[in-house]
Amino acid sequence: MMKPLNPALAATFLPPVMEARRWLQGVDFPPERPLINVSQAAPVESPPMGLRQAIAEAALHSPEAHLYGPVLGNADLREAVAECFSTAYGGSLTEGNVAITQGCNQAFCAAMASLAGAGDQVIVPTPWYFNHKMWLDMSGVQAVPLPCRDNMLPNPEEARALITSSTRAIVLVTPNNPSGAEYPAELVGQFFDLAQSHGLALVVDETYRDFDSRTGAPHDLLTRPDWDETLIQLYSFSKAYRLTGHRVGALIAGGNRLAQVEKFLDTLAISPGQLGQVGAVWGLKHLDDWLAGERLEILARRDATRAAMAGLSGWTLKSAGAYFAWVEHPFDESSAALARRMVSDISVLALPGTMFTPADDPAGARHLRLAFANVDTAGITALAGRLALLGV
């Protein structure tokens with residue numbers, strides 16, 4: 001082993017999506033059975049032409065697009081996010097409540113850096129988003145698992161029992177990655193009340209909020225008194241406008257919190273990329289109707305997934321929403337072995353539940369995450385047919 005090496009980083013597991021991609025090395029897929037890849041939740045198509053043109057124009061004609069910008073992001077995008085979220089959630093946000101980050105993962109890391117240090121604890125429902133767990137691990141912060149039951153919703157009273165003097169925050173992801181579950185507004189509100197009453201932060205990652213099946217605000221937290229002392233809200237432009245490669249996210253919090261976040265971001269990236277911010281502003285101004293159509297397509301794929309899994313003997317669909325389905329398989333083997341076998345046996349790449357749960361949690365071995373957003377309805381039907389062919 002190389003020396004010196006940060007032991008917390010060394011003990012952190014390898015990036016799951018990259019690990020799964022390595023399973024494809026040296027594997028040939030027959031022409032009649034091409035690979036179906038449901039391992040990653042990321043758009044594969046380019047952004048709409050108008051957005052690309054806005055980025056191209058900025059690259060060609062705006063000298064400032066190639067320079068450092070403000071650490072917390074450009075004022076026009078911060079203002080646009082504040083206006084958008086105020087309208088969507090019924091609150092009154094200002095530019096001073098918004099930081100722009102290099103993707104939502106960086107927003108999470110910045111939030112955690114402002115909240116917790118080595119030896120502290122953060123409550124995270126399981127199955128969890130693996131990058132959240134990775135950051136907590138490499139930061140020396142203990143991720144305290146809050147198991148979701150068969151309804152795939154976390155229980156506030158179970159969370160209450162996990163709070164200690166070392167607890168700094170509770171994390172929610174809704175719609176959820178990896179399960180797709182949409183957390184009811186009442187439930188999110190109960191977690192806010194719990195966090196507020198214990199002097200904790202509630203971090204709500206809403207990367208997939210644009211594909212929520214519900215209409216109206218998914219919660220009322222931004223209308224609560226003193227919300228900015230408890231809530232940290234995270235968002236991503238990657239899924240909404242297909243800006244994955246440009247890395248544009250947002251963090252919404254109180255001004256005092258953002259003063260601390262600015263320190264973290266300044267040392268990490270100095271400022272978010274200019275061209276991605278140009279694209280995000282253009283999208284917020286021009287793509288509401290287009291995004292509504294994207295949402296309907298994702299919901300249609302969710303419905304197709306539900307229908308396909310319902311006809312699959314032995315498999316149980318626990319939840320589906322946004323980009324994901326969380327399914328229980330019928331085999332005795334662990335999902336870690338099953339997922340690798342699926343590559344060679346049926347030409348399907350999916351992530352095992354073990355990548356989203358603690359090592360000692362048996363639920364991980366029983367489940368798989370299927371990311372269906374990049375598979376059309378015909379492909380979803382084909383996926384179910386492939387799963388039906390799996391032998392014991």
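The lining of the second largest pocket splits into 12 nonpolar, 8 polar and 4 charged residues. Here Ala, Val, Leu, Ile, Met, Phe, Trp, Tyr, Cys and Pro count as nonpolar, Asp, Glu, Lys and Arg as charged, and the others, Gly among them, as polar. Before going on, a word on ground rules: this is a predicted model, so local features need pLDDT of at least 70 and side-chain atom pairs count only at pLDDT 80 or more, while totals for chains, interfaces and linings use all residues. Residues are numbered from 1 along each chain as its sequence is written, and side-chain values use heavy atoms, with hydrogens and water left out.

Back to that pocket. It holds about 490 Å³ of space. A pocket, on a 1 Å grid over the protein atoms alone, is an open set of points with protein on both sides within 12 Å along at least five of seven lines; a cavity is a set of points where a 1.4 Å probe fits but cannot get out, and lining residues have an atom within 4 Å of a point. Grid points are joined across faces, edges and corners, and a volume is the space filled by probe spheres set on the points. Of the 24 residues lining the second largest pocket, Gln40, Asn105, Tyr129, Asn131 and Lys239 sit closest to its centre. Four helices, α2 (16–22), α5 (103–115), α6 (130–138) and α9 (238–241), each put in at least two lining residues, with α2 giving the largest share at 3 residues. Helices (H or I, at least four residues) and strands (E, at least two) are DSSP runs, numbered from the N terminus.

Arg242 lies in the loop between α9 and β8 (249–252), and its phi is near 60°, a positive value in a residue other than glycine. Most residues other than glycine have a negative phi, and most peptide bonds are trans. On the peptide bond side, the one from Thr126 to Pro127 is cis, with omega near 5°, and Pro127 is in the loop between β3 and α6. Another cis bond joins Thr174 and Pro175, with omega about -15°; Pro175 is in the loop between β5 and α8 (185–197).

Pro127 also turns up in the lining of the largest cavity, together with Val124, Pro125, Trp128, Tyr129, His132, Val171, Leu172, Val173, Asn176, Asn177 and Tyr183. That cavity holds about 60 Å³, and it is one of 2 cavities of 30 Å³ or more found in a search of the whole structure. β3 (121–126) and β5 (167–173) each supply at least two of its lining residues, and β5 gives the most, with 3 residues. By class, the lining has 9 nonpolar, 3 polar and no charged residues.

What lines the second largest cavity? You'll find Thr305, Ala308, Met309, Leu370, Phe372, Ile380, Leu383, Ala384 and Leu387 there, around a volume of about 40 Å³. Of these, 8 are nonpolar, 1 is polar and none is charged. Both α12 (288–310) and α15 (377–388) supply at least two lining residues, and α15 has the largest share, with 4 residues.

Those two helices also pack against each other. Two packed helices are described by the angle between their axes and the distance between the axes. The axes of α12 and α15 come within 9 Å and cross at roughly 25°, which makes α12 roughly parallel to α15. Axes are lines fitted to C-alpha atoms, for helices over the stretch in contact, and angles run from 0 to 180 degrees between N-to-C directions; under 35 degrees counts as roughly parallel, over 145 as roughly antiparallel, 65 to 115 as roughly perpendicular and the rest as oblique. In the contact (heavy atoms within 4.5 Å), Ala300, Arg301, Ala304, Thr305, Ala308 and Met309 of α12 meet Thr377, Ile380, Ala384 and Leu387 of α15.

α12 takes us on to the largest pocket, where α12, α4 (75–89) and α11 (274–286) each supply at least two lining residues. The largest share, 6 residues, is from α4. This pocket holds about 720 Å³ and is lined by 22 residues, with Cys84, Ala88, Arg209, Asp210 and Asp288 nearest its centre. The lining includes 8 charged residues, alongside 11 nonpolar and 3 polar ones. Cys84 also belongs to the contact in which Asp76, Leu77, Ala80, Val81 and Cys84 of α4 meet Gln277, Ala280, Val281 and Leu284 of α11.
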